[in-house]
Amino acid sequence: MIPTEVENRIAKYFFHRYLPEEVKMKIVERLLTTCVWDEEEDLDFDELVRWAIEIIDEQLEDKRFR
């Protein structure tokens, strides 16, 4: 099994390198409004991830990456 830290680093690399800028901005806009007003320990990380995944799936649909 791949360690979680390695998966997180790969995901971060993909996010910053391959995700289109407009998709990143939609994610930031959606998550920032929640994250700004709540303390980090009060945030529901699972919910934030779900929101981001929904945006990515919606924006990328059937697009492929090289």
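In what order do the elements of the protein chain run from the N terminus on? They run α-α-α.

This is a predicted model, in which local features need pLDDT of at least 70 and side-chain atom pairs count only at pLDDT 80 or more, while totals for chains, interfaces and linings use all residues. Residues are numbered from 1 along each chain as its sequence is written, and side-chain values use heavy atoms, with hydrogens and water left out.

**View 1. The protein chain as a whole, with 3 helices and 0 strands.** Helices (H or I, at least four residues) and strands (E, at least two) are DSSP runs numbered from the N terminus. Along the principal axes, the C-alpha atoms fill a box of roughly 40 × 30 × 15 Å. Of the contacts (heavy atoms within 4.5 Å) with a separation of 6 or more, 53% link residues 24 or more positions apart.

**View 2. The largest nonpolar core, made up of 10 residues.** Such a core is a set of buried Ala, Val, Leu, Ile, Met, Phe, Trp, Tyr and Cys residues joined through side-chain atoms within 4.5 Å. Its members are L19, V23, I27, L31, L43, L48, W51, A52, I55 and L60. Two or more residues each come from helix 2 (21–37) and helix 3 (45–60). Helix 3 gives the most, with 5 residues. In soluble globular proteins, nonpolar side chains tend to be buried together. Buried means under 20% relative accessible area, exposed over 50%, and partly exposed in between (1.4 Å probe, protein chains only). Buried residues are 18% of the 66 in the protein chain.

**View 3. The aromatic cluster of Y13, F14 and Y18.** Rings of Phe, Tyr and Trp (its six-membered ring) pair if their centres lie within 6.5 Å; planes under 30 degrees apart count as stacked, over 60 as edge-to-face and the rest as tilted. The whole structure holds 2 aromatic pairs. Y13 and Y18 are edge-to-face, because their ring centres lie 6.1 Å apart with the planes at 70°. F14 and Y18 are tilted, with centres 6.0 Å apart and planes at 35°. Y13 is partly exposed at 45% relative accessibility, as is Y18 at 34%. F14 is also partly exposed, with a relative accessible area of 33%.

**View 4. Charged side chains of the protein chain, 10 positive and 18 negative.** Lys and Arg count as positive and Asp and Glu as negative; His and the chain ends are not counted. Each charge is placed at NZ of Lys, CZ of Arg, CG of Asp or CD of Glu. The centres of the two sets lie 11 Å apart.
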